[in-house]
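Hello,

Here is the structure I promised to pass on to you. Have a look at it first, and my notes on what turned up follow just below.

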Amino acid sequence: MNLNPRWLLLLLSISAEVWSVPIDRNGGKQEAVHIEEENQEENVDTGLYYDRYLREVIEVLETDPHFREKLQTANTEDIKNGRLSKELDLVGHHVRTRLDELKRQEVSRLRMLLKAKLDSTNTQSLQMDHASLLKQFEHLDPHNQNTFEAKDLELLISTATKDLENYDAERHEEFKRYEMLKEHERREYLKSLDQEKREKEEKRMQELKEKHRQHPKVNVPGSVAQLREVWEETDGLDPQEFNPKTFFKLHDTNEDGVLDEQELEALFTKELEKVYDPKNEEDDMMEMEEERLRMREHVMKNVDINKDRLVSLEEFLKSTERKEFNNVKEWETLDDTKPVYTEAELQRFEAELRDKEEELKRRADTLRQEQELLKERGKALEAQRREYQQAVLEMSQRQKDQQAAEGQPPTGPNGELQFHQDAQKLEDQAKAPAEQEADGQNNLPAEPPQNLPLHT
């Protein structure tokens, strides 16, 4: 799927996915651009549950010459606020037909999601009101489930923008829960040890923490020291020849005139490598990604003047003229800042875990009880089967006894007559004399023929 750069600009500018393309210090920019071209489409993922629908709609709109022309002259703000949606009425018939089909497919997919959700919650509904349930999905018009209109495009873009702009906050919250879970497991593990082992383990953990803190100076993201280090060690250029404009163009890997969030995060790789190494037990890679996010937010806050989540060349050059650009202070990592959670939050989190654990236990007990009930029912059914078989055998035996008393031949399991071997022998013996008499008659000499002429 080849997206227009402006669509990519929108998706990249509002996406918070962590994906970086660092420039190889030996291969230079050419290799990085090659990697960018090969992997950009498949790696730029919005993370939305309607991501495929969003991309397919963009792909279809790209096939219309009129819409593509309007897109070329539109800015990011025009795309975000929905003004571009009005151009949908002027696209070709085949484009509208394909968009209608995509919307019907999306509605069908959402209906399946709703049904699966209701089934998982054991919600019984004889008459499901899909129109009402679809209202919870804001990226399409639920009142019109068959055709794709301008309102659908406006809702799709505005919803994607809103959802993705909140993604950073969701990532911070996810990291907080991760840290609380890690601390909870640490405390529970220490509780399970005796005093001697606990003291020994606490000492080992403290040593690992101190070892993690021992790292080279981390430069403030976006400062001249940080950019010069990238210029020298990553780009392989002379630090004395550092030029902000050249630096910007060098790291604008897709050459769209701006640095998006992914291109900015690629600049922090060198600083992060000073603190985190996946081979070290004391270094947590989840913390590294949180650190990367903090660095990017710091740069955006100080450089992104118009708050469009993109850094233009003008904004970048202005940032190099500010006093903060020459900041020689060291960046405060997560270890230097206060914890991301309070003790009260941790206690609430642990209470939540206990509640979930109790709920899981109740479910497990219910399942065990149901399993025992099924076993008992299986045993009862097996006993009933055996009783039925015994009753059938006894009924069959009574029938045979009754027939024997009445002199009738017994019947088989399907009612057919059966003959005993003794009765068959008596019948064969009765037939034997008759057969012998017939054989004797056959052995008598033949009578002379009658009416033959007499010979003299």
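Let me start with the largest pocket, where H10 provides the largest share of the lining, 8 residues. Helix H10 spans 195-213, and together with helix H9 (167-191) it belongs to the elements that each supply at least two residues of that lining. Helices here are DSSP runs of H or I with at least four residues, strands are runs of E with at least two, and both are numbered from the N terminus. The largest pocket holds about 960 Å³ of space. Of its 25 lining residues, Glu179, Lys182, Glu183, Lys209 and Glu287 are the closest to the centre.

A word on how pockets and cavities were found: on a 1 Å grid over the protein atoms alone, a pocket is an open set of points with protein on both sides within 12 Å along at least five of seven lines, a cavity is a set where a 1.4 Å probe fits but cannot get out, and lining residues have an atom within 4 Å of a point. Points are joined across faces, edges and corners, and a volume is the space filled by probe spheres set on them.

Before going further, please keep in mind that this is a predicted model, in which local features need pLDDT of at least 70 and side-chain atom pairs count only at pLDDT 80 or more, while totals for chains, interfaces and linings use all residues. Residues are numbered from 1 along each chain as its sequence is written, and side-chain values use heavy atoms, with hydrogens and water left out.

Now the overall picture. The protein has 18 helices and 2 strands. Of its 456 residues, 36% count as buried (under 20% relative accessible area with a 1.4 Å probe and protein chains only; exposed is over 50%, partly exposed in between). Among contacts (heavy atoms within 4.5 Å) with a separation of 6 or more, 69% are between residues 24 or more positions apart.

The largest nonpolar core has 27 residues, and Phe247, Leu264, Phe268, Val311 and Phe316 touch the most other members. Such a core is a set of buried Ala, Val, Leu, Ile, Met, Phe, Trp, Tyr and Cys residues joined through side-chain atoms within 4.5 Å. At least two residues of this core come from each of helix H11 (224-234), helix H12 (244-251), helix H14 (269-275) and helix H15 (285-303). H15 gives the most, with 5 residues. Beyond its neighbours within four places in sequence, Phe247 is in contact with Leu227, Val230, Trp231, Asp235, Phe242, Leu267 and Phe316. Apart from this core lies another, of 24 residues, including Tyr53, Val57, Ile58 and Ala160.

The whole structure has 7 aromatic pairs (rings of Phe, Tyr and Trp, the last by its six-membered ring, with centres within 6.5 Å; planes under 30 degrees apart are stacked, over 60 edge-to-face and the rest tilted). Trp231 and Phe242 make an edge-to-face pair, at 5.4 Å centre to centre with 80 degrees between the planes. Trp231 sits in helix H11 and Phe242 in the loop between H11 and H12, 11 residues apart. Trp231 is buried at 4% relative accessible area, and Phe242 is buried too, at 12%. Ring pairs join Trp231, Phe242, Phe247, Phe248 and Phe316 into a cluster.

Finally, the loop between H12 and strand E1 (258-259) is where you will find Asp252. Asp252 is buried, with 6% relative accessible area, and its side chain reaches the backbone nitrogen of Gly257 at 2.8 Å. Glu255 lies in the loop between H12 and E1 as well, but is exposed at 59% relative accessibility. The phi of Glu255 is near 55 degrees, a positive value in a residue other than glycine.

Methods: A polar contact is a pair of N or O atoms within 3.5 Å; within protein, one must be able to donate a hydrogen and the other to accept it, and residues adjacent in sequence count only if both atoms are side-chain atoms.
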